[in-house]
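This report describes how two chains fold and meet, moving from the contacts within one chain to the pairs that join both. Please keep the sequence and the model in view while reading.

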Protein chains: 2
Amino acid sequence: MGEPDGARTGDAGACHEPAAVRGREILARIGDKWSLEVIALLGDRPHRFSELRRGIDGISQRMLTVTLRGLERDGIVDRTVTPVTPPRVDYALTDLGRTLLCNVVSLFGWVEDHLGEIDKARLEFDLRDAEARALREA
Amino acid sequence: MGEPDGARTGDAGACHEPAAVRGREILARIGDKWSLEVIALLGDRPHRFSELRRGIDGISQRMLTVTLRGLERDGIVDRTVTPVTPPRVDYALTDLGRTLLCNVVSLFGWVEDHLGEIDKARLEFDLRDAEARALREA
DNA sequence: CAGAATCCCTCAAGATACTG
DNA sequence: CAGTATCTTGAGGGATTCTG
């Protein structure tokens with residue numbers, strides 16, 4: 001940590017990148033391993049840190065913290081500290097976060113609607129692939 | 001290579017995973033570094049391999065191949081080989097790919113509409129963060 | 001309870017070289 | 001031209017430890 005340099009996650013002052021890049025950046029955030037589950041839970045109601053931890057199977061406290069920080073930084077979630085002992089921290093979706101959730105939900109709708117096709121495509125691909133592979137070794 | 005086992009990219013026969021996991025899986029695919037740009041280009045019109053390579057700045061031929069294979073496996077893009085010398089391979093969106101493109105476009109719309117808010121949130125976050133950091137060292 | 005700091009390891013991206 | 005086969009590197013993520 002020698003240099004408390006500006007750049008945070010590698011996107012520094014990326015404010016003037018082409019829209020496609022910014023778009024991918026956002027998609028990458030919500031497409032990462034945990035963000036979506038956090039957003040989904042918070043879409044229901046606000047949660048405390050430990051509630052999220054229990055609610056998301058397999059997440060480490062480190063990754064929960066990292067994920068929440070990223071979402072907070074992007075203005076997707078709101079963090080409220082209540083200075084009591086032991087400390088209490090609540091997380092909730094911001095207005096921005098809620099509008100994002102809407103889009104994500106509709107994308108999920110697409111996924112549900114087409115899961116069958118996707119699985120079918122994979123099966124066929126893997127089959128063709130296995131055939132080709134078998135031929136090469138013959 | 002030793003075991004030509006079933007599993008391909010680590011999702012094996014993931015057909016019965018919870019919807020949330022499948023959704024994240026798809027988001028992760030389209031949120032990866034190159035898929036979106038490929039889909040965007042193909043949304044315009046079919047492209048040859050080398051056209052895509054030239055059209056996507058900074059992609060290596062390996063990553064283009066890997067990306068295309070993933071999209072093909074999921075039934076998003078269609079691969080057509082014309083057996084001539086030198087070989088000619090064309091890629092195009094499938095019907096499934098086109099419906100996905102629609103959703104992606106609307107998600108991009110959201111990003112464009114809220115880029116300002118996101119950037120503002122980041123600026124404020126980084127500022128608060130820097131303040132807190134400065135205080136700790138005092 | 002909620003997190004910060006640290007270490008470590010895996011896996012995917014990238015560069016490079018070779019081939020049908 | 002359109003790939004495949006290796007190798008190296010680096011970021012993402014897990015386990016553990018320490019603290020206000």
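## Contacts and elements of chain A

Among contacts in chain A between residues at least 6 apart in sequence, 42% join residues at least 24 apart, where contact means heavy atoms within 4.5 Å. This is a predicted model, in which local features need pLDDT of at least 70 and side-chain atom pairs count only at pLDDT 80 or more, while totals for chains, interfaces and linings use all residues. Residues are numbered from 1 along each chain as its sequence is written, chains are lettered from A and ligands numbered from 1 in the order in which they are written, and side-chain values use heavy atoms, with hydrogens and water left out.

Chain A has 5 helices and 3 strands, and from the N terminus on these elements follow the order α-α-β-α-α-β-β-α. Helices (H or I, at least four residues) and strands (E, at least two) are DSSP runs, numbered from the N terminus. Of the 138 residues of chain A, 39% count as buried; buried means under 20% relative accessible area, exposed over 50%, and partly exposed in between, with a 1.4 Å probe and protein chains only.

## The sheets

In chain A, 3 strands form an open sheet in the order β1-β3-β2 with antiparallel pairing, and its edge strands, β1 (47-48) and β2, each pair on one side only. Two strands are taken to pair if DSSP finds at least two bridges between them. Strand β2 (residues 77-82) of chain A is joined to β3 (residues 88-93) of chain A by 6 bridges, and a hairpin of 5 residues connects β2(A) to β3(A). Within this pairing, Val77(A) stands opposite Leu93(A), and Asp78(A) stands opposite Ala92(A).

Helix α4(A) lies across β2 and β3 of chain A and runs at about 115 degrees to β2(A); axes are lines fitted to C-alpha atoms, for helices over the stretch in contact, and angles run from 0 to 180 degrees between N-to-C directions. Thr67(A), which is found in helix α4 (residues 61-73) of chain A, is buried with a relative accessible area of 4%. Leaving aside neighbours within four places in sequence, Thr67(A) is in contact with Trp34(A), Ser35(A) and Val38(A).

Chain B also has an open sheet of 3 strands in the order β1-β3-β2, with antiparallel pairing. Helix α2 (residues 35-44) of chain B lies across β1, β2 and β3 of chain B, at about 90 degrees to β3(B).

## Core and interface

The largest nonpolar core holds 58 residues, of which Ile76(A) and Ile76(B) touch the most other members. Such a core is a set of buried Ala, Val, Leu, Ile, Met, Phe, Trp, Tyr and Cys residues joined through side-chain atoms within 4.5 Å. Beyond neighbours within four places in sequence, the contacts of Ile76(A) include Ile39(A), Leu71(A), Leu100(A) and Trp110(B). Leu27(A), in helix α1 (residues 19-30) of chain A, is buried at 2% relative accessibility and touches residues of chain B, among them Leu27(B), Ile30(B), Leu107(B) and Phe108(B).

The contact between the chains takes 45 residues from chain B and 45 residues from chain A. About 4,300 Å² is buried between them, of which carbon and sulfur atoms give 65%; buried area is the accessible area (1.4 Å probe) that two parts lose on being put together, summed over both. Arg73(B), Trp110(B) and Arg122(B) supply 16% of the area that chain B buries against chain A, more than any other three residues.

## Salt bridges

Over all chains the structure holds 25 salt bridges, each defined as a side-chain nitrogen of Lys or Arg within 4 Å of a carboxyl oxygen of Asp or Glu, and 10 salt bridges are found across the interface of chain B and chain A. In one of these pairs, Glu25(A) meets Arg122(B) at 2.5 Å, N to O. In another, Glu72(B) pairs with Arg128(A), the closest N and O atoms being 3.9 Å apart. This pair crosses from helix α4 (residues 61-73) of chain B to helix α5 of chain A; Glu72(B) is buried at 13% relative accessibility, whereas Arg128(A) is partly exposed at 47%. Salt bridges that share partners join Arg22(A), Glu25(A), Arg29(A), Asp74(A), Asp119(B) and Arg122(B) into one network.

Within chain A, Arg98(A) forms a salt bridge with Asp95(A), with the closest N and O atoms 2.7 Å apart. Being 3 residues apart in helix α5 (residues 95-136) of chain A, Arg98(A) and Asp95(A) are separated by about one helical turn.
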